[in-house]
Amino acid sequence: MNFSPALLTLAQNAEAKCTPQFAKADQIAEVNTFRVLAAFRQNNISESHLLGTTGYGYGDRGRDALDAVYAHVFGAEDALVRHNFVSGTHSLLTALFAVLRPGDVMLSVTGKPYDTLEEGIGIRGTNVGSLKEFGVGYRQIDLLADGAPDLPAIQAALQSDPHIKLVYLQRSRGYSLRPSLDIDAIGRVTAAAKAVSPHVVVMVDNCYGELVETREPCHVGVDLVAGSLIKNPGGGIAQTGGYIAGKKHLIEQCAFRLTCPGMGKEVGATLHELRPMYMGLFFAPTVVAAAVKTAVFAAALLEDMGLAVSPKWDAPRSDIIETIFLESDARMIAFCKGIQSGSPIDAHVSPEPWDMPGYDAPVIMAAGAFTMGASIELSADAPLRPPYAAWMQGGLTYPAGKYGVMCAAAAIASESHLS
Ligand SMILES: *Cc1c(COP(=O)(O)O)cnc(C)c1O
């Protein structure tokens, strides 16, 4: 690859500056790997657990043990890990529909939930079978200007509305400009909510946050977390699927919702998906560290090139997402084309902006991944409108992530010279 001498020097300096952040990511990966290994050992995982079942999937030891392994890793009593959760959205909505009953209210305390949940909750769309259509109410408390949850407003809402059954938090920034919530902050919200409403269910959308810190939301009192296996916990190996982890009685409700009331966790063939799900969780701590290092490197390099980024290279992190403010459509397109050209799959393909359903402006995406749509692999999304922000995440290995970021940096530099 013909990177310019100027870019090579910038990259070398950026990388040198990030050494302490990289060491921190490696330390976190070590703690999390030890916890994954302890979970495997305690559950006596053997080759036979990796094989899978067909048909109804009765007595699937590998499936039951994988649930136990996830429960241990996520600090939960039980878990539901299935390849037939089609996405993170499916896992999250399965949990919401499992817990909430007509007359109950869901209270989101990190502002509006991730876009793909809006129809399921009933914020958008009609006649889709949303929670709203089943008589479940929705209320929202926005984050404060500094991105922190509004604890007094949360407690006041819980005190005044006995119908609030579930408090909902989103750990990661998703594709917004808010900061991610770290585990300490999640613990503070949970404690504040339970202080005034001891029986309220606290649920966290854990997408993109898994294994970025050494603790998970259930370690600080959260009742239920959910996410996608083609993001962090699948380690780039799981080919599809999702998970829910939390209190045993709530996981039972989730299993009744996913399969059938009364059957729950007893059924569900695992086919050939157990081995990649186990192996993915084994790799996940180091893959997440690679993604964090890629984000840290991108933050340092692109900031040195004069662009605004969030979070900054030396900021604490609780998710794998980096936001880059590219200042123009042309640079956003150059950035995504650059990321794509530095990917292992479809590097020869050039992404184009398109009118994606649900967005109010054309979106350009880079996704040269082994697993379609996997965003634990290096990927970027950019809606072509102010504030001209691109969201970048993933990187299965740091060297490959670094390469993709350098390709994007080179593409921006040549675009800027042209314009
Ligand atoms: C990705 C994501 C989701 C939804 O997951 P999908 O697998 O895309 O359905 C929900 N919440 C957050 C914060 C996410 O990042």
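The points below go through a predicted model of one protein chain, from its overall build to a few single residues.

1. On how to read the values: residues are numbered from 1 along each chain as its sequence is written, and side-chain values use heavy atoms, with hydrogens and water left out. Since this is a predicted model, local features need pLDDT of at least 70 and side-chain atom pairs count only at pLDDT 80 or more, while totals for chains, interfaces and linings use all residues.

2. On the overall fold: the chain contains eleven helices and twelve strands, where helices (H or I, at least four residues) and strands (E, at least two) are DSSP runs numbered from the N terminus. The C-alpha trace spans about 65 × 50 × 40 Å along its principal axes. A compact globule of 419 residues would have a radius of gyration near 22 Å, and the 21 Å of this chain agrees with that; the radius is taken over C-alpha atoms, and the globule rule is 2.2 Å times the number of residues to the power 0.38.

3. On surface and interior: 56% of the 419 residues count as buried, a word that means under 20% relative accessible area, whereas exposed means over 50% and partly exposed lies in between (1.4 Å probe, protein chains only). The accessible surface of the chain comes to about 17,100 Å², and 58% of that surface belongs to carbon and sulfur atoms; such areas come from the Shrake-Rupley method with a 1.4 Å probe, and for residues only the protein chains shown count as cover.

4. Asn32 counts as buried because its relative accessible area is 0%, while Gln27 counts as exposed because its value is 54%. The side chain of Asn32 reaches the backbone oxygen of Leu211 at 3.2 Å, and, not counting residues up to four places away in sequence, Asn32 touches Leu211, Glu213, Thr214 and Pro285. Gln27 and Gln393 are 366 residues apart in sequence, and their C-alpha atoms are 20 Å apart in space.

5. On Arg82: this residue is found in strand β1, residues 78-82, and it is buried, with a relative accessible area of 5%. Its side chain makes a polar contact with the side chain of Asp67 at 3.0 Å; a polar contact is a pair of N or O atoms within 3.5 Å, where within protein one must be able to donate a hydrogen and the other to accept it, and residues adjacent in sequence count only if both atoms are side-chain atoms. Leaving aside neighbours within four places in sequence, the residues in contact with Arg82 include Arg63, Asp67, Gly241 and Lys265.

6. On Leu169: this residue lies in strand β4, residues 164-170, and counts as buried at 0% relative accessibility. Leu169 and Asp205 are 36 residues apart in sequence, yet their C-alpha atoms are 6.2 Å apart in space. Apart from neighbours within four places in sequence, Leu169 is in contact with several residues, among them Val109, Leu181, Ile186, Val204 and Asp205.

7. On backbone details to check: a cis peptide bond with omega of about -5° joins Ser310 and Pro311, and Pro311 sits in the loop between β8 (308-310) and β9 (322-325). Another cis peptide bond, with omega of about 10°, joins Pro386 and Pro387, and Pro387 lies in the loop between β11 (379-383) and β12 (389-393). Asn127 has a positive phi of about 55° although it is not a glycine; Asn127 lies in the loop between α5 (118-121) and β3 (137-140) and is exposed, with a relative accessible area of 71%. Leu271, also not a glycine, has a positive phi of about 50°; Leu271 is found in the loop between α8 (248-258) and α9 (274-304) and counts as partly exposed at 42% relative accessibility.

Terms used. Contact = heavy atoms within 4.5 Å.
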